[in-house]
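Open the model in a viewer and keep the sequence panel beside it. The stops below follow one another as selections.

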Amino acid sequence: MFEVFKKELTELLRDKKTLLFVVVFPIVVFPLLFAVVAFISSQAALDAEQKVNTYAIINGDFAPEFTDKVFYHKSFELYKGDKTFNSVEELKTGVTAGDIDMGIYLPSDAVQTLDDKKQSEWQVVFNDSKSINFLFERVKELAKEYSDTLQESKLLSFGIDKSAQESILKPINVIKVDTADKRENLGEKVGGFLPYLLIPLVLMGATYPAIDLGAGEKERGTLETLLLTPITRTELVLGKFITLLTTSIASTTITVISMGCWIALALAFADLEFIKAAFSTLGISDLLMIFVLLLPIAAIFSALALAISIYARSFKEAQNYMTPLSMVVFFPIIISIMPNMELTAKTAFIPVTNVALAIKEIIKGTVDYTLVGLIFLATALIAGALLAFCVKWFNREDVLFR
């Protein structure tokens, strides 16, 4: 068995493609990901912040102070084209056509409406499909400043001074007292996406070598030579499985170490507040726990990938089978980030989902080690069952020589 392991490992180490996916990719993926995400998000926010938006306002003389605030705001520029806008529908048409970025409709004189004991409803027309859009908030802020001025003036006319206005307008102020610390709050938001990086890399560390160990042997015609050696088929499978487990664990180890190193560099040098807030309290013991949880997952992927590779007739057919496997692995990860999905005694027995939820709990700092034990037990049992199936699969002539 160990002779098979040594042979297969030596051949894999000579394969540049295997080294690329097992070693280079995990090292490169984290700095590349952090750099791209940080650059794109900051650039998008900066562009949205600095963009000057063209606007048109209807009945601006109903609120001259507000109209002046919008006109002199650095983010707005009054439309100077030939088209005229006299209704909300015309404003919508202008925004859709791209003539203006925003339209403001004031239906009536704000002061007169307040004197009539009514509320004036202003309409802001714009395209809100963009994920980063400051238009509405900026107009709303300017409108609130004007509204507060009208409100204060009206209350003063009733003989209510400024000191009493706040208590009358807002007699009860509800204050939120959150029992969750900053790490737990950010871990809930960020921790769910970390398995999207780690688990597929573990799978990649097993699938690419597996294709060569099974289908590759068939294609090269060396499988028959192995079967003629004085080694049982069970030992052959175990030797190949241990090889795949080694490459998958190596990929896992490199992945976790790479993640820790690049997070540390980000905390030390880069101005990435969301990374600092989410990972500043993440210790070596937490990274070690993530690594331990990924080990049985690596065993499951190794057994699955080897079974698929043994069944495939050729290298290309094995590659075609591995694609659906990747899609199947992503499905339980998606389940783990669904709302209100938590690590419980029930979810601890759902393959892949349990590890994804546990990683999120580790990032949050609220992991239950009893449930971690259940996860390790459940995944180890599944890995053992898949390995037994793989051995049985390898002992069938109709599978080996399809």
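Two strands pair if DSSP finds at least two bridges between them. Helices (H or I, at least four residues) and strands (E, at least two) are DSSP runs, numbered from the N terminus. This is a predicted model, in which local features need pLDDT of at least 70 and side-chain atom pairs count only at pLDDT 80 or more, while totals for chains, interfaces and linings use all residues. Residues are numbered from 1 along each chain as its sequence is written, and side-chain values use heavy atoms, with hydrogens and water left out.

**Whole chain**

Start with everything shown as a cartoon. The protein holds 17 helices and four strands. Of its 402 residues, 41% are buried (under 20% relative accessible area; exposed is over 50% and partly exposed lies in between, with a 1.4 Å probe and protein chains only). Contact means heavy atoms within 4.5 Å. Among contacts with a separation of 6 or more, 75% are between residues 24 or more positions apart.

**The sheet**

Next, select the four strands. They form an open sheet in the order E2-E1-E3-E4, with mixed pairing. Strand E2 (76-78) and strand E4 (123-126) are at the edges; each has a single partner strand, so one side of each lacks a neighbour in the sheet. Neighbouring strands are turned by 30 degrees against each other on average, direction ignored.

Axes here are lines fitted to C-alpha atoms, for helices over the stretch in contact, and angles run from 0 to 180 degrees between N-to-C directions.

Now select residues 102-105, which are strand E3. E3 pairs with E4 in the antiparallel sense over four bridges. Show Met102, whose bridge partner in E4 is Phe126, and then Ile104, whose partner in E4 is Val124. E1 and E3 run parallel and are joined by four bridges. Ala56 is found opposite Gly103 in E3.

**Aromatic pairs**

Show the rings of Phe, Tyr and Trp (its six-membered ring), which pair if their centres lie within 6.5 Å; planes under 30 degrees apart count as stacked, over 60 as edge-to-face and the rest as tilted. The structure has ten such pairs. In one, Phe71 and Tyr72 have ring centres 5.1 Å apart and planes at 85 degrees, so the pair is edge-to-face. Phe71 is partly exposed at 42% relative accessible area, whereas Tyr72 is exposed at 66%. Then select Tyr311, Tyr321, Phe389 and Trp393, which ring pairs link into a cluster.

**H13 against H15**

Select helix H13 (residues 284-311) and helix H15 (residues 353-364), whose axes come within 10 Å and cross at roughly 180 degrees. That makes the two helices roughly antiparallel (over 145 degrees; under 35 is roughly parallel, 65 to 115 roughly perpendicular and the rest oblique). H13 contributes Asp286, Met289, Ile290, Leu293, Leu294 and Ile297, and H15 contributes Val355, Ala358, Ile359, Ile362 and Ile363. By class, the contact has ten nonpolar residues, no polar and one charged (Ala, Val, Leu, Ile, Met, Phe, Trp, Tyr, Cys and Pro count as nonpolar, Asp, Glu, Lys and Arg as charged, and the others, Gly among them, as polar).

**Asn185**

Finish at Asn185, in helix H8 (residues 182-190). Asn185 is partly exposed, with a relative accessible area of 28%. Leaving aside neighbours within four places in sequence, Asn185 is in contact with Asp178 and Ala180.
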